[in-house]
Amino acid sequence: MAKRIEYRTCPFCEATCGLELHLEDSEITLVRGDRDDVFSKGFLCPKGTAIGHLEKDPDRLRTPQIRDRTTGEWRSVDWPEALAAVEKGLAPILAEGDRNAVGMYLGNPSVHSLSTLIYNRVLILGLGSENIYSASTVDQVPKQVSSGLMFGASLTIPVPDIDRTDYLLILGANPFVSNGSLCTAPDFPGRLRALRARGGRFVVVDPRRTKTAEEADEHLFIRPGTDAYFLFALVNVLFDENLVAVGHLEDHLVGLAEVRELAKGFSPDEVAAVCGIDSETIRRTARDLSSAPRAAVYARIGTCVQEFGTLASWLVDVLNILTGNLDREGGAMFPNPAAGGSPPAAKSRTGRGVRFGRRTSRVRGCPEIYGEFPAACLAEEIDTPGAGQIKALITVAGNPAVSTPDSDRLEAALADLDFMVSVDIYRNETTRHADVILPPPSLLARSHYDIAFYQLSVRNVANYSPALIPLGDHEMPEWEILVRLGGIVSGLGADADPYVLDDGLINMLVERGIQKVDSPISELSVEEVLGHLSGRKGPERILDLMLRVGPYGDAFTGDGRLTLAQLEANPHGIDFGPLQPRIPEVLRTPSGKIELAPAAIAADVARLQAALSDQQNGAFVLIGRRDLRSNNSWMHNLDILVKGKDRCTLQVHPDDAQKIGVAPGQIARVKSKVGELEAAVEITDALMPGVVSLPHGWGHGSNRIQMGVARERAGVNSNILTDSSLVDPLSGNAVLNGIPVEVSLAT
Ligand SMILES: Nc1nc2c(c(=O)[nH]1)N[C@H]1C(S)=C(S)[C@@H](COP(=O)(O)OP(=O)(O)OC[C@H]3O[C@@H](n4cnc5c(=O)[nH]c(N)nc54)[C@H](O)[C@@H]3O)O[C@H]1N2
Ligand SMILES: Nc1nc2c(c(=O)[nH]1)N[C@H]1C(S)=C(S)[C@@H](COP(=O)(O)OP(=O)(O)OC[C@H]3O[C@@H](n4cnc5c(=O)[nH]c(N)nc54)[C@H](O)[C@@H]3O)O[C@H]1N2
Ligand code: SF4
Ligand SMILES: [Mo]
């Protein structure tokens with residue numbers, strides 16, 4: 001193998017940048033942005049550059065680990081021993097007859113991996129438990145709920161067409177740092193600068209003057225958690241000033257009159273004080289939005305992890321629709337991904353829409369959303385005795401002990417489980433509670449294709465990265481780990497042949513693919529399709545199927561349209577061009593139209609209205625923040641990313657610092673309803689007065705973790721302060737921003 005250059009899509013965030021990797025045997029010697037990547041064109045960020053450091057990190061687990069419950073000691077074991085231990089731990093619990101006794105938590109990186117995206121489903125099916133949790137409910141699920149109700153499917157989410165728009169209103173997102181979310185756009189900063197360079201404008205609404213806000217044409221400070229009021233007021237102005245112009249959407253929507261009615265109680269004058277944005281600015285923003293030739297409203301996590309997350313997410317698209325900007329160039333558009341998207345609807349153009357609450361969580365009665373319960377309910381489902389209690393947990397690529405609200409309670413609950421197994425690359429705050437940790441192989445030994453994020457992409461592109469190095473001696477492919485776990489939980493046993501199970505899976509998928517309404521392969525037999533797919537196994541075989549039945553696929557005709565082999569021949573990716581209008585073919589609602597005022601959402605407006613009068617001022621509220629060199633909780637063990645000055649600081653506005661009596665560098669005590677912690681103070685006028693900010697994902701102080709670098713720069717876990725009893729009722733999403741806190745000088 002020796003020295004060579006290979007190309008790979010970076011899996012660390014949603015931007016899908018192309019990396020140019022210089023390899024010497026299995027070692028990365030240099031990382032650059034791939035200038036020929038059809039989408040990222042050479043852009044990369046410090047996290048992408050750090051891939052070599054992650055590969056080399058001595059703390060990254062390379063062999064399965066077992067913890068001795070009496071001594072607390074960990075030892076490396078081989079795969080048969082590890083899997084036997086998992087079987088021994090889970091089998092008796094499942095044998096008692098309650099599938100719900102085993103819960104599962106799926107973390108964020110599992111959406112960034114081809115293997116986990118496909119095979120987590122297999123594991124969930126095999127497990128048959130209702131206790132499924134994921135990072136979605138500390139993140140974007142409000143957007144999935146509002147989009148599901150409006151457009152008919154959970155990932156039918158419009159993305160701002162930032163490359164062609166003239167005006168972008170951004171709320172609760174900091175893409176100069178995060179590189180974008182629910183909007184896959186490598187070099188998001190460059191794209192926003194290009195927007196300004198061509199004479200367009202962008203406006204940022206955020207309680208903090210972020211890097212994105214600094215580069216914007218205008219920044220509006222907003223009180224945390226009040227976006228739904230602000231957005232409703234914009235809607236109110238559009239109706240009030242006769243600026244509603246749905247244009248080409250006219251025949252494709254229902255509920256316009258209801259929205260007009262719902263917005264009546266939210267005039268700029270009524271909401272200005274609560275939002276901290278004066279009413280004239282609100283009116284002007286509504287006019288700017290409506291008069292821009294092409295405009296889009298884009299909102300992200302700041303508008304989701306709050307009490308009115310679904311309402312805010314819904315209002316964003318209401319605005320895109322009322323200004324006629326949905327589904328048109330330069331507005332907010334629906335991608336048409338090469339794999340995994342919604343194919344054009346059948347002729348009737350109606351769908352089943354989405355349904356929630358088919359069951360409710362045992363302790364709190366939270367409705368199921370897209371097959372999951374809120375992560376905010378996980379601790380209580382473990383620590384509350386009774387029938388249906390979670391006794392064992394499987395985690396895949398997640399660190400809920402740091403990432404979900406009321407961490408102290410969850411950590412205590414994890415410590416109390418009868419059995420826990422984690423598929424993870426580190427022994428961290430969560431996985432230290434496991435009995436067995438099963439590590440996936442080196443990233444370079446895994447193939448990659450971003451099934452999830454091309455569904456949310458500002459261009460239709462496809463890029464596949466093959467495995468670049470062979471599996472190491474003690475490594476097991478990530479998909480095989482999951483299939484083996486599936487074998488265990490479904491009673492087939494740890495020794496069930498994963499390749500046989502995988503053959504069963506592809507058979508089922510092919511059968512379904514053939515039977516689908518309007519299937520492009522309805523004329524083929526299962527055997528014929530399997531024949532075309534032979535030569536591949538595991539995730540690659542399934543990906544090939546998905547690509548070939550997708551909108552650009554060859555449908556096994558060999559006519560030159562898309563196959564996995566083609567992507568293999570194009571290591572810089574294939575560009576299918578800018579987004580195209582997709583209404584009505586993309587709609588899956590029961591009416592076949594855009595549901596502008598879904599009943600569940602309309603019913604929640606009363607709660608928003610009621611809260612308008614009891615908004616209290618005075619207390620401090622806590623928000624989070626991200627840093628370019630962090631990735632939630634798990635990249636803090638790479639020295640290259642964490643070196644330099646302390647980033648886990650409590651940011652305080654100068655006026656507030658004076659009130660509290662704290663100076664830069666002093667330690668402040670921060671106390672919420674559920675917890676308290678201490679953090680060093682950083683004083684900055686980038687914050688709105690009354691708002692303090694602490695990043696999430698830190699708190700690596702435990703000597704039971706095996707992350708030497710992270711432990712030295714432990715920081716504090718901000719989710720000790722967040723309250724798991726607070727969720728957005730429509731989506732079950734946790735409230736992680738706008739947390740009332742008391743701040744004082746630590747004594
Ligand atoms: N207060 C507050 N809390 C937040 C947020 C916030 O803004 N504020 N943000 C929320 C958001 S958006 C998210 S997405 C969640 C994230 O929540 P989680 O997904 O629970 O946490 P991560 O920190 O992403 O942890 C990822 C885990 O995956 C492991 N891992 C990394 N790569 C791999 C891999 O290739 N395979 C496997 N099997 N494991 C791997 C890591 O070691 C780590 O244990 O945090 C949320 N929590
Ligand atoms: N460098 C880096 N990149 C990342 C991650 C990371 O940890 N580090 N995490 C990845 C993940 S998992 C995700 S989900 C994405 C998230 O990507 P983004 O959504 O862009 O996330 P943030 O950078 O946290 O920006 C959220 C903004 O919301 C603001 N905010 C807080 N409360 C409110 C509010 O009530 N209203 C409004 N309008 N704004 C509010 C915050 O001040 C912050 O600036 O980033 C991804 N990319
Ligand atoms: S922006 Fe995201 S995808 Fe691009 S290099 Fe950085 S972490 Fe990787
Ligand atoms: Mo996230």
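Analyst: Leaving out residues up to four places away in sequence, Gly 493 touches Glu 87, Gly 487 and Ile 488, where contact means heavy atoms within 4.5 Å. This is a predicted model, in which local features need pLDDT of at least 70 and side-chain atom pairs count only at pLDDT 80 or more, while totals for chains, interfaces and linings use all residues. Residues are numbered from 1 along each chain as its sequence is written, chains are lettered from A and ligands numbered from 1 in the order in which they are written, and side-chain values use heavy atoms, with hydrogens and water left out.

Gly 493 sits in the loop between α18 and α19 (498-515); helices (H or I, at least four residues) and strands (E, at least two) are DSSP runs, numbered from the N terminus. Gly 493 counts as buried because its relative accessible area is 9%; buried means under 20%, exposed over 50%, and partly exposed in between, with a 1.4 Å probe and protein chains only. Met 688 stands 195 residues from Gly 493 in sequence and 56 Å from it in space, C-alpha to C-alpha.

Two packed helices are described by the angle between their axes and the distance between the axes. For α3 (residues 79-95) and α18 (residues 478-489), the axes come within 9 Å and cross at roughly 35°. Such axes are lines fitted to C-alpha atoms, for helices over the stretch in contact, and the angles run from 0 to 180 degrees between N-to-C directions.

From α3, the contact draws on Trp 79, Leu 83, Val 86, Glu 87, Leu 90 and Leu 94, and from α18 on Ile 481, Arg 484, Leu 485, Ile 488 and Val 489. By class, 9 of these residues are nonpolar, none is polar and 2 are charged. Here Ala, Val, Leu, Ile, Met, Phe, Trp, Tyr, Cys and Pro count as nonpolar, Asp, Glu, Lys and Arg as charged, and the others, Gly among them, as polar.

Beyond its neighbours within four places in sequence, Ile 394 is in contact with Leu 90, Leu 485 and Val 489, among others, including Val 102, Tyr 105 and Val 421. Together with Leu 438 and Tyr 449, Ile 394 touches the most other members of the largest nonpolar core, which has 91 residues. A nonpolar core is a set of buried Ala, Val, Leu, Ile, Met, Phe, Trp, Tyr and Cys residues joined through side-chain atoms within 4.5 Å. A second, separate core holds 68 residues, among them Ile 282, Phe 334, Val 354 and Ala 611.

Ile 282 is also touched by Ala 272, as are Ile 277, Asp 278 and Ser 279, again leaving out residues up to four places away in sequence. Ala 272 belongs to helix α11 (residues 268-275) and counts as buried because its relative accessibility is 13%.
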